[in-house]
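Hi everyone, thanks for making time this morning. Let me put the structure up, and then I'll walk you through its helices, its surface and its charges.

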Amino acid sequence: MLSNIGIPGLVLVLVIALIIFGPSKLPEIGRAFGSTLKEFKNATNDLMHSNNEEKSQSSEEDQKLKVEEEEKENAGS
């Protein structure tokens, strides 16, 4: 839906926002929107980072278990 808005639509939205909120409120709204996007991006990056850490820890544990199993098999042979 937003990919079809184009430049004229964006200008229209900005003009309507200027009329509704006035020139003094727009910078404040922009800052609030920007900080919200920044927090969302940081939270998403943290989630992705923790997910990657869990995967790497899981693969390390799997490798340790395989090594232990191989050692038990070699000791039993």
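A word on terms to start: helices here are DSSP runs of H or I with at least four residues, while strands are E runs of at least two, and both are numbered from the N terminus. This is a predicted model, with local features needing pLDDT of at least 70 and side-chain atom pairs counting only at pLDDT 80 or more, though totals for chains, interfaces and linings use all residues. Residues are numbered from 1 along each chain as its sequence is written, and side-chain values use heavy atoms, leaving out hydrogens and water.

Let's begin with helix α1. It has 16 residues and spans 22 Å from first C-alpha to last, close to the 22 Å expected at 1.5 Å a residue; that expectation is 1.5 Å times one less than the number of residues. Just after α1, G22 adopts a positive phi of about 85 degrees.

Now the surface. L12, I16, I20, F21 and I29 make a nonpolar patch of about 470 Å², and helix α1, residues 6-21, gives the largest share with four residues. Patch members have over 30% relative accessible area and no salt bridge, with nonpolar side chains (Val, Leu, Ile, Met, Phe, Trp, Tyr) joined within 5 Å and like charges within 9 Å. Areas are Shrake-Rupley with a 1.4 Å probe, and for residues only the protein chains shown count as cover.

I16 lies in helix α1 and counts as partly exposed because its relative accessibility is 40%; buried is under 20%, exposed over 50%, and partly exposed in between.

There is a charged patch too: E68, E69, E70, E71 and E73 gather into a negative one. E73 sits in helix α2, residues 26-76, and at 54% relative accessibility it counts as exposed.

Finally, how many salt bridges does a search of the whole structure find? One, where a salt bridge is a Lys or Arg side-chain nitrogen within 4 Å of an Asp or Glu carboxyl oxygen. K25 pairs with E28, their closest N and O atoms 4.0 Å apart.

Conventions: Buried means under 20% relative accessible area, exposed over 50%, partly exposed in between (1.4 Å probe, protein chains only). Lys and Arg count as positive and Asp and Glu as negative; His and the chain ends are not counted. The place of a charge is taken as NZ of Lys, CZ of Arg, CG of Asp or CD of Glu.
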